[in-house]
Amino acid sequence: MKGISSIVSSVMVLAVAITMVGIFSGWAPNVLNDVLDSTEGQTTNQTTCNQASLDIISSNYYSGGGQTAVVVENTSNVDIGTVRVSAWKNGVPMSNTEELLDEGLETINVSTSSKPAYVRASSLNCNSVSTEFSDIQ
């Protein structure tokens with residue numbers, strides 16, 4: 001029994017290599033563009049978030065209504081989007097609510113069964129932007 005000739009094997013290796021290059025050249029640019037677009041979006045979002053800030057101006061617990069009113073301010077010119085305000089007691093979240101925060105002040109009510117130890121506000125769009133407030137009246 002004889003094997004294939006060296007010319008036939010060379011042609012087959014060359015055909016497989018050309019096929020692989022064809023597949024890779026069609027696939028690789030799309031993957032590369034997707035990665036570049038994703039990285040650009042993440043970089044832009046991170047740059048924007050680095051300039052964002054928010055502050056809790058005041059917080060009042062209303063026992064009759066079973067809620068805590070939290071006055072949150074977007075102290076930057078950056079649109080930080082939705083803010084989660086949560087009430088905490090003994091290191092455990094009692095409850096939270098989410099609301100879109102435009103520029104300026106916004107009063108956000110959180111349902112609470114008792115006076116929280118502190119409240120926390122954090123941006124859902126910019127994870128690094130958050131603040132806490134413990135002087136609840």
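In the predicted model, a nonpolar surface patch of about 290 Å² is formed by Ile4, Val8 and Met12. Of these residues, Met12 lies in helix H1, which spans residues 6-51. Met12 has a relative accessibility of 47% and is therefore classed as partly exposed, since this category lies between the 20% limit for buried residues and the 50% limit for exposed ones.

The strands considered next belong to an open sheet. Four strands make up this sheet, in the order E4-E3-E6-E7, and their pairing is antiparallel. Strand E4 (92-100) and strand E7 (130-133) form the edges, each pairing on one side only. On average, neighbouring strands of the sheet are turned by 20° against each other, direction ignored. Strand E6, comprising residues 118-123, runs antiparallel to E7 and is joined to that strand by 4 bridges. Arg120 has Glu132 in E7 as its bridge partner.

A search of the whole structure for aromatic pairs returned 1 pair. This pair consists of Trp88 and Tyr118, which are stacked, with a centre-to-centre distance of 5.9 Å and an angle of 10° between the planes. Distant parts of the chain are linked by the pair, as Trp88 belongs to strand E3 (residues 82-89) and Tyr118 to strand E6, 30 residues apart. Buried residues are those under 20% relative accessible area. Trp88, at 14% relative accessibility, therefore counts as buried, and Tyr118, at 19%, is likewise assigned to the buried class.

Conventions:
Residues numbered from 1 in each chain as written. Predicted model: local features only at pLDDT ≥ 70, side-chain atom pairs only at ≥ 80, totals over all residues. Heavy atoms only, no water. Patch = residues over 30% accessible without salt bridge, like charges linked within 9 Å, V, L, I, M, F, W, Y side chains within 5 Å. Areas by Shrake-Rupley, 256 points an atom, 1.4 Å probe, with all protein chains shown as cover. Salt bridge = Lys/Arg side-chain N within 4 Å of Asp/Glu carboxyl O. Helix = DSSP H or I, 4+ residues; strand = E, 2+ residues; numbered from the N terminus. Buried < 20%, exposed > 50% of the residue type's maximum accessible area, 1.4 Å probe, protein only. Pairing = 2+ DSSP bridges. Axes fitted to C-alpha atoms, helices over the stretch in contact; angles between N-to-C directions. Phe/Tyr/Trp six-rings, centres within 6.5 Å; stacked < 30°, edge-to-face > 60°.
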